[in-house]
Amino acid sequence: MKTFVVPKDIYDGMVAHCLEGMPNEACGFIGGKVGGNESVATKLYPMTNAAASPVFYRPDDREMLAALKDMDENGLDVASIFHSHVATRAYPSPTDIREAHYPDAVFVIVSFENRDDPYAKGYLIHKQDWRDATGQVEEVELVVE
Amino acid sequence: MPVKVQVPAVLRPHVGGQKSVEASPGTLRDVIAELVGAYPSLSEHLLGEEGQLHRFVNVYINDEDVRYLEGLDTKLGDGDVLAILPAVAGGSG
C-alpha cells in the first residue's frame with residue numbers, strides 16, 4: 001500500500017479544523033512532496049467551506065488561491081486535499097469521486113461518524129480521464145509521526 | 001507585457017510540461033483561442049461543445065473567478081494573471 005506521511009502536528013491541526021467546522025463539513029489542503037509510493041506532508045492549509053454545508057464542501061476561492069501561491073513559492077506540491085464527513089465513514093462518496101480532479105493528491109477524509117473518536121483515512125482517486133465522473137479508489141496508508 | 005497563464009498539473013502534459021505559458025492581452029475568449037491554437041489538445045479540457053467553460057474548470061483573473069466577472073468576455077490586460085484550476089469540491093452527500 002502507498003503511504004502518506006503526516007507529522008502529528010499537521011494531523012492534529014487538520015482534525016481540530018474539522019472539529020471547529022462542525023456541524024458542517026470542513027476542508028483544506030496539505031502541501032508537501034508527492035512521490036510514487038510515498039507522499040510527505042509539510043504544511044497545513046485550513047480553508048473555509050464556502051458551501052457551508054454538512055454534506056458538501058467547496059474551498060473558499062481566495063484561500064485556495066493563496067495556498068496554491070504559497071505552495072508554488074515554497075516548492076511544495078498539493079500533497080493532499082482533506083475534508084470531513086460529519087456523520088458517515090471515512091470513504092469517498094460518489095460526490096467525492098465525481099468531483100476529484102487531482103490524480104496525485106491524497107484525498108483525506110476525517111470521519112466524525114463517532115463524534116468522540118474521529119479518525120482519518122486517505123485515498124487516491126484514479127480516473128481514465130481527469131474529467132470522468134467515476135473512478136477507482138485506492139486506499140493510502142496514513143502514517144502519523 | 002503578455003498575460004501570464006498558470007497551468008495546473010493535470011493540464012501540463014498538454015503544454016509541454018510548462019507550469020505557466022504566456023498569451024497576448026485580449027478577452028478571455030481570445031486568450032483561450034490563442035492557447036488552443038498553440039496547444040490544440042487543451043481545447044477539450046477547457047471548453048464544452050458549445051464553447052462554454054467546462055463546469056469542472058475554474059478560471060480566475062487576478063484571483064477573481066471569471067464567472068463573477070464577464071465570463072469569456074472578461075478583458076485581460078498587460079501583466080494580468082490567468083489561473084486555470086480543476087474544481088475542488090466533494091462531500092458525503
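## The enclosed cavity

Val5(B), Val7(B), Leu11(B), Val15(B), Val21(B), Leu35(B), Leu42(B) and Ile84(B) line the largest cavity. A cavity here is a set of points, on a 1 Å grid over the protein atoms alone, where a 1.4 Å probe fits but cannot get out, and lining residues have an atom within 4 Å of a point. By class the lining comprises eight nonpolar residues, with no polar and no charged ones. Nonpolar covers Ala, Val, Leu, Ile, Met, Phe, Trp, Tyr, Cys and Pro; charged covers Asp, Glu, Lys and Arg; the others, Gly among them, are polar.

The largest cavity holds about 50 Å³ of space, a volume being the space filled by probe spheres set on grid points that are joined across faces, edges and corners. The structure has one cavity of 30 Å³ or more.

## Basis of the model

The model is predicted, and local features need pLDDT of at least 70, side-chain atom pairs count only at pLDDT 80 or more, and totals for chains, interfaces and linings use all residues. Residues are numbered from 1 along each chain as its sequence is written, chains are lettered from A and ligands numbered from 1 in the order in which they are written, and side-chain values use heavy atoms, with hydrogens and water left out.

## The open pockets

A pocket is an open set of grid points with protein on both sides within 12 Å along at least five of seven lines. The largest pocket has a volume of about 920 Å³. Its lining consists of 33 residues, and Leu68(A), Asp72(A), Val7(B), Pro8(B) and Arg12(B) lie nearest the centre. These 33 divide into 20 nonpolar, four polar and nine charged residues. At least two lining residues each come from α2 (61-73) and β4 (77-85) of chain A and from β1 (3-6), β4 (57-61) and β7 (81-86) of chain B; helices (H or I, at least four residues) and strands (E, at least two) are DSSP runs, numbered from the N terminus. With six residues, α2(A) gives the most to this lining.

The second largest pocket, of about 290 Å³, is lined by 16 residues. Nearest its centre lie Arg58(A), Asp61(A), Asn58(B), Asp65(B) and Arg67(B). Eight nonpolar, one polar and seven charged residues make up the lining.

## The contact between the chains

The contact (heavy atoms within 4.5 Å) takes 29 residues from chain A and 23 residues from chain B. Together the two chains bury about 2,300 Å², 56% of it on carbon and sulfur atoms; buried area is the accessible area (1.4 Å probe) that two parts lose on being put together, summed over both. Val88(B), Ala89(B) and Ser92(B) supply 27% of the area that chain B buries against chain A, more than any other three residues.

Side chains of opposite charge can pair when their charged atoms come close. A salt bridge is a side-chain nitrogen of Lys or Arg within 4 Å of a carboxyl oxygen of Asp or Glu. Eleven salt bridges are counted over all chains, and the count between chain B and chain A is four. One salt bridge pairs Asp72(A) with Lys19(B) (3.7 Å, N to O). Another pairs Glu64(B) with Arg62(A) (2.4 Å, N to O). Glu64(B) lies in strand β5 of chain B and Arg62(A) in helix α2 of chain A, so this pair joins two chains.

## Points of the backbone

Most residues other than glycine have a negative phi, and most peptide bonds are trans. Met22(A) and Pro23(A) are joined by a cis peptide bond, with omega about 10°. Pro23(A) is located in the loop between α1 (8-21) and β2 (27-33) of chain A.

In chain B, Asn62(B) is not a glycine, yet has a positive phi of about 45°. Asn62(B) belongs to the loop between β4 and β5 of chain B.
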